Amino acid sequence: MTVESSGEATSAETRCGFVALIGAPNVGKSTLVNALVGSKVTIVSRKVQTTRALIRGIVIEDNAQIILVDTPGIFSPKRRLDRAMVSTAWSGAHDADLVCVLLDAKAGIDEEADAILKKLATVAHPKILVLNKIDLIPREKLLALAQAANERMKFEHTFMISALSGDGVADLRKTLAKGVPPGPFHYPEDQMSDAPLRHLAAEITREKIYRQLHQELPYQSTVETDTWTERKDKSVRIEQTIFVERESQRKIVLGKGGATIKSIGADSRKEIAEILGVPVHLFLFVKVRENWGDDPDRYREMGLEFPKE
C-alpha cells in the first residue's frame, strides 16, 4: 500500500499503519473504535490511494499512528448493496497492515463467525483475535472459545475485552501500536479532527435505524445530512433525510404515530452531541427514493464500489 506522507516525523522515529476491524454485524466494532480512539471519534474522508474502506478513527499511541478501518459487518449478501458492503469489508482486510477479528464472546463461533474464519485464510496479514463482551459469559467458556478459534487459524495475539467498559482495550491499543510498520505518520496530528462531520452524523443515524429495524429493514435505507447550522448559542441544528425504496418501508421507519423515528432521532442526537460536545437539534425526514439501491452515485457517496451485477 502506498500512501503519501503528510507528517514531518521521520520513519526512524515513528510507526504507522492501517488496522482493519473485521466481524459480523453487532459484534461491537463501532464501540471498539470509540474505546480505542477515546471519547471523540474522528473520521477522515476516504482516499483512493490509501484504502477502499471507511477510515473511522485515528489513534496515537506512544510513537505510533494507528488508522482504524471500520469495515461493514460481514454477512450473507442477498442484494446488490449487501454485496457492495461485503466486498468493501474484505477489501479493507486485504489492504490493511493488521487485521483485528472481532467475535461476540456470547454468540461464540456461530454461522456468521464460522464463514468469516474460513474466508480469513485468504488474508495474508497478521491477525489478532479479539473476544468482545467478555462480561457476559463465564471465564471457562471464554478460554474454550479462544482455544477453538486459535485451532481454526493462527492468530498473533488473543485479547479478551469489553469494548463497552474499556476492560482490556489499553493492552490491545499498545499491541496494535507495536504491530504497525515503521514509517511516518500519514495524517498530521493537528488535522486529525478535521472530520467531515456531516458524513459521520449520517452514519450514526443509519446505524440507529439498523439497530432498531434490522429485521424489517436490512440495509434498505440510506441517510443524507441536508443542512448543518452552527447557532449563536454554540448548538448545532442538523437536518437529515432518510431515504427508503418503497412507501411500505417509509411507514416502518416512521412507526405508529411517529414513535419509531422519534426514538431513532433521540438516540442519534444523543450520540452526535456526545461527539461534538455541544447541544444538537436533529430533525429527521423520511422520503421514498425508488431503486436507490441500483444507483451508482449513492454507492460512491457511501464509499462503496458499485457491483456490476
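**Reading the salt bridges**

Mentor: E207 is buried, its relative accessible area being 19%; buried means under 20% relative accessible area, exposed over 50%, and partly exposed in between, with a 1.4 Å probe and protein chains only. This is a predicted model, in which local features need pLDDT of at least 70 and side-chain atom pairs count only at pLDDT 80 or more, while totals for chains, interfaces and linings use all residues. Residues are numbered from 1 along each chain as its sequence is written, and side-chain values use heavy atoms, with hydrogens and water left out.

Trainee: With which residue does E207 form a salt bridge?

Mentor: A salt bridge is a side-chain nitrogen of Lys or Arg within 4 Å of a carboxyl oxygen of Asp or Glu. Here the partner of E207 is R211, with the closest N and O atoms 3.1 Å apart. R211 is partly exposed, at 46% relative accessibility.

Trainee: How many residues apart are R211 and E207 in helix α6?

Mentor: Helices (H or I, at least four residues) and strands (E, at least two) are DSSP runs, numbered from the N terminus. Both residues lie in helix α6 (residues 197-213), and because they are four residues apart, about one helical turn separates them.

Trainee: Which salt bridge does R289 form?

Mentor: R289 meets E224, side chain to side chain, at 3.2 Å from N to O. This pair links distant parts of the chain, 65 residues apart: R289 is in the loop between β9 and α9 (296-301), and E224 is in strand β7 (residues 221-230). R289 is buried at 18% relative accessible area, and E224 is buried with a value of 18%.

Trainee: Which residues are linked in a network of salt bridges?

Mentor: The network links D114, K118 and R152. Within it, the side chains of D114 and R152 meet at 2.7 Å, N to O. D114 belongs to helix α3 (residues 111-119) and R152 to helix α4 (residues 139-152), 38 residues apart. D114 is partly exposed at 22% relative accessibility, and R152 is partly exposed at 37%. The count by this rule comes to 10 salt bridges.
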